[in-house]
Amino acid sequence: MGVLDKLFGGGGKSGKGKADFSDVKSGSSSTAPSAPSQGGVAQSRTYTVVAGDSLSKIAKREYGDAAKWPRIYEANRDQIKNPDLIHPGQVLNLPREG
Amino acid sequence: MSIHTYGMARVCGLAFILLASGCGKRDAASTGDTGSGAATSAAVRVADVKVGRALGADKRVTDETDEFRPSDVIYAVVETQGSGANTSLQARWTYQDGQVVDESTRSIAASGEDVTEFHISKPSGWPQGKYKVEILLNGATAGSEDFEIK
């Protein structure tokens with residue numbers, strides 16, 4: 001076991017650093033109606049950036065179309081200054097399609 | 001002497017007024033009647049959190065467990081009670097040392113007893129180990145469940 005395994009727990013199958021959760025799919029539903037959106041902002045969920053991510057990769061994964069990356073960029077202008085530069089650990093808002 | 005008595009009377013009178021006004025406010029708050037009939041999100045509370053492999057049509061867990069297989073879809077079901085026109089529920093899924101797996105937020109118009117489910121899946125399979133789902137109600141932790149992938 002290396003130093004990295006000790007640092008990161010080494011609990012995953014790979015045993016090398018952080019586990020890769022980049023392909024995780026998530027969703028939700030409720031017996032309660034959705035709250036009315038405020039100020040015209042559509043409901044969103046969040047996504048935590050992992051190493052190797054880009055806005056187009058996230059858009060491809062979340063919306064099935066890499067060309068929809070500006071949708072994510074626009075929803076996160078407060079924390080993304082350069083759309084070509086996002087950082088692991090950043091929590092991005094992913095607007096609902098609709 | 002008379003000055004001292006007058007001073008004491010003023011102090012007692014002021015204390016009485018303060019007590020009376022305080023009681024009045026408490027009485028008004030205890031009725032819980034806003035007059036508009038609209039309750040605030042503060043009235044909503046998380047009654048229960050369960051994790052499992054499958055849901056019924058009512059969105060409640062039908063296969064409750066805390067041990068999953070790498071190929072499972074994992075459901076976290078949150079039961080809430082109370083009313084709030086804009087209630088935010090968030091599920092934060094973490095792995096072992098706190099690595100964030102996913103975060104999802106859902107805003108609901110809660111009314112009475114509601115059931116909200118969050119689910120995650122991983123086509124390439126979940127790494128084995130211990131996980132946790134934390135439920136936040138309007139940004140504050142309201143419950144959590146630990147589970148394991150074996």
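In the hairpin of strands E7 and E8 of chain B, two residues lie between the strands, and B:Asn138 there takes a positive phi near 50°. The model is predicted: local features need pLDDT of at least 70, side-chain atom pairs count only at pLDDT 80 or more, and totals for chains, interfaces and linings use all residues. Residues are numbered from 1 along each chain as its sequence is written, while chains are lettered from A and ligands numbered from 1 in the order in which they are written.

E7(B) and E8(B) run antiparallel and are joined by nine bridges. Two strands count as paired if DSSP finds at least two bridges between them. Within this pair, B:Val133 stands opposite B:Glu145 in E8(B). Strand E8 of chain B covers residues 140–149 and also pairs with E2(B). Here the strands run parallel, with two bridges. B:Glu67 stands opposite B:Glu148 in E8(B).

Several loop residues of chain B were examined in turn. B:Lys59 lies in the loop between strand E1 (45–52) and strand E2 (67–68) of chain B. Its phi is positive, near 70°, and the residue is not a glycine. B:Gln96 sits in the loop between E4 and E5 of chain B. B:Gln96 also has a positive phi, about 45°, without being a glycine. B:Lys59 counts as partly exposed because it has 18 C-beta neighbours inside 10 Å. B:Gln96 has 19 other C-beta atoms within 10 Å, so this residue is partly exposed. The scale is as follows: a residue is buried if 20 or more other C-beta atoms lie within 10 Å of its own, exposed if 12 or fewer, and partly exposed in between, with C-beta atoms placed from the backbone.

B:Gln128 belongs to the loop between E6 and E7 of chain B. With 16 other C-beta atoms within 10 Å, B:Gln128 is partly exposed. B:Gln128 and B:Pro70 are 58 residues apart along the chain, yet their C-alpha atoms are separated by 7.0 Å.

The largest nonpolar core has 27 residues. A nonpolar core is a set of buried Ala, Val, Leu, Ile, Met, Phe, Trp, Tyr and Cys residues joined through C-beta atoms within 7 Å. The residues with the most contacts inside this core are B:Ala76, B:Ala91, B:Trp93, B:Val101, B:Val133 and B:Ile135. Two or more residues each come from strand E3 (74–81), E4, E5, E6 and strand E7 (129–137) of chain B. E3(B) gives the largest share of this core, five residues. B:Ala91 touches B:Ala76, B:Ser104, B:Phe118, B:Val133 and B:Ile135, leaving aside residues up to four places away in sequence. Two residues are in contact if their C-beta atoms, placed from the backbone, lie within 7 Å. A second, separate core has nine residues, including A:Ile58, A:Ala59, A:Ile72 and A:Leu92.

Chain A has three helices and three strands. From the N terminus on, their order is α-β-β-α-α-β. Of the 98 residues of chain A, 20% count as buried. Residues 24 or more positions apart account for 54% of the contacts in chain A with a separation of 6 or more. In helix H2 (residues 55–63) of chain A, the residues A:Leu55, A:Ile58, A:Ala59 and A:Glu62 are buried. Seen down the axis of H2(A), its buried residues fall within an arc of 100°, so they line one face of the helix. The arc is that of the directions from the helix axis to the C-beta atoms. An α-helix has 3.6 residues a turn, so residues three or four places apart point the same way. After H2(A) comes A:Gly64, with a positive phi near 75°.

The contact between the chains takes 34 residues from chain B and 26 residues from chain A. On the side of chain B that touches chain A, two or more residues each come from strand E4 (84–95), strand E5 (99–110) and strand E6 (113–121) of chain B. E5(B) gives the largest share of that side, 12 residues. Strand E1 (residues 25–30) of chain A runs antiparallel to E6(B), and six bridges join them. A:Ser28 stands opposite B:Phe118 in E6(B).

Note on methods:
Helix = DSSP H or I, 4+ residues; strand = E, 2+ residues; numbered from the N terminus.
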